[in-house]
Every structure is written in C-alpha cells, then in structure tokens.
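Student: I am new to this structure and would like to understand the words used to describe it. Could you go through them with me?

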Amino acid sequence: SHVLAVCALMITAIVHADENLPNLIEQISPSVVSLKVETASGEIYTGTGFFVDSEGAVATNFHVIEGGRRITARTSKGVTLFCKGVLTFDKQRDLALLRFSGKSLPSLPLADAAKIKRGETVAVIGSPLGLEQTVSSGIVSAMRTDRNWEQVQITAPISNGSSGSPVVNMQGEVIGIAT
C-alpha cells in the first residue's frame, strides 16, 4: 500500500507538470530567438538563443556563432534583431553571450544550480532543423561533471538547430543550454 501511495503521488506530479507545460511554453517563448549566422564565405547556419537581460543580451552556444560574420535573431513574433557584437565567449564550455539591438526584451531567469534535481521535468524550445519555436520535454536524467564543469543530462529530444536552446524547469528558470 505504501508503494501504491508513492506511485499515485508520482503520477499526480507528472500529470500536474504536463498540464502546466502549455502555460510554461507560452511564458518563455517570447524570450527564445532563432539565430541565423552568415559566415565570410556566405554559408548560413542556424541555431537558437535566449534573452538573459532586457537590453538584448542573448546566450547561445559558441559553436553556433563560430566564424559568423553577420548574425541575426528572429523573435517568436517574427521581428528580426541585428547582432551588435559578441560580449564574451568560452570556447571550451561552448558558451557565447551576444548583444542584439532592442530594449525591454523578455529575459529568462537562471535557476540555482544547487537546486537542480534528477527526475524533475524540463522543457526545451528551439529551432531544430530551422523549425522555429519547436518544443520538447523530458526530465533531468543525471548530473555529470566533465572537464571541471557541470553538465545536465536530459531526456528531452533535441536536433541540429536546437544548439543554444534554453533548458528550463517548470518554474521557467534556465537550468542549462542545449548543445
């Protein structure tokens, strides 16, 4: 009977998370942008990023922008923003912070890394294969340490173009960046 009670609680928690997912996606979608990166040779690459402040700072993966000559961001409302420059990057951790034109932009809060738990529900919004604002969900399956930095392993499916997507918990806080 104790096992049944625990199973009932787990099912209730999963159903509750699934019911909240549409609201969560509606809340975070305006903060997620599809990135278009043009290289000096004219090649075009796509990826994803998200606003981390209201003044146009966008976080993404370094490999998404590497070699980029011109970078634009397309918002969930179809507005194109132009990259003003790279604020900073960490090639080893595959992270980059860009500055885009714009004001009063909807940013996503960062989660407290110490509070990430295995089994918690997560969502990813990105542009896999150029398909903007695509949603997937899953759970945190493990926490890993590789080369002295923390990685969050998730079960949510991601594909090429999802790089740079925010991985968010059910409170809409970023727990990681999809790579």
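Student: What is aspartate 94 in contact with, leaving aside its neighbours within four places in sequence?

Tutor: In this predicted model, aspartate 94 is in contact with Thr60, Asn61, Phe62, His63 and Thr179. Contact here means heavy atoms within 4.5 Å.

Student: Where is aspartate 94 found?

Tutor: Look in the loop between β5 (80-90) and β6 (95-100).

Student: Why is aspartate 94 called buried?

Tutor: Its relative accessible area is 16%.

Student: What joins the side chains of aspartate 94 and histidine 63?

Tutor: A polar contact of 2.7 Å does. The limit for such a pair of N or O atoms is 3.5 Å, and 2.7 Å is within it.

Student: How many salt bridges does a search of the whole structure find?

Tutor: The search finds 6. One of them pairs glutamate 38 with arginine 69.

Student: What makes glutamate 38 and arginine 69 a salt bridge?

Tutor: Their N to O distance is 2.7 Å. A salt bridge needs a side-chain nitrogen of Lys or Arg within 4 Å of a carboxyl oxygen of Asp or Glu, so this pair qualifies. Glutamate 38 lies in strand β1 (residues 32-39) and arginine 69 in strand β4 (residues 68-74), so the bridge ties together parts 31 residues apart in sequence.

Student: Is glutamate 38 buried, partly exposed or exposed, and what about arginine 69?

Tutor: Glutamate 38 has a relative accessible area of 21%. Arginine 69, at 53%, counts as exposed because exposed means over 50%.

Student: How do you know that aspartate 53 and arginine 99 meet in a salt bridge?

Tutor: Their side chains are 3.4 Å apart, N to O, and that is within 4 Å. Aspartate 53 sits in the loop between β2 (44-51) and β3 (57-60), while arginine 99 is in strand β6, 46 residues apart. Both count as partly exposed, aspartate 53 at 24% and arginine 99 at 22%.

Student: Which residue forms a salt bridge with lysine 91?

Tutor: Glutamate 66 does, with the closest N and O atoms 3.3 Å apart. Lysine 91 is in the loop between β5 and β6, and glutamate 66 in the loop between α2 (62-65) and β4.

Technical notes: Residues numbered from 1 in each chain as written. Predicted model: local features only at pLDDT ≥ 70, side-chain atom pairs only at ≥ 80, totals over all residues. Heavy atoms only, no water. Helix = DSSP H or I, 4+ residues; strand = E, 2+ residues; numbered from the N terminus. Buried < 20%, exposed > 50% of the residue type's maximum accessible area, 1.4 Å probe, protein only. Polar contact = N/O pair within 3.5 Å; in protein donor to acceptor, adjacent residues only side chain to side chain.
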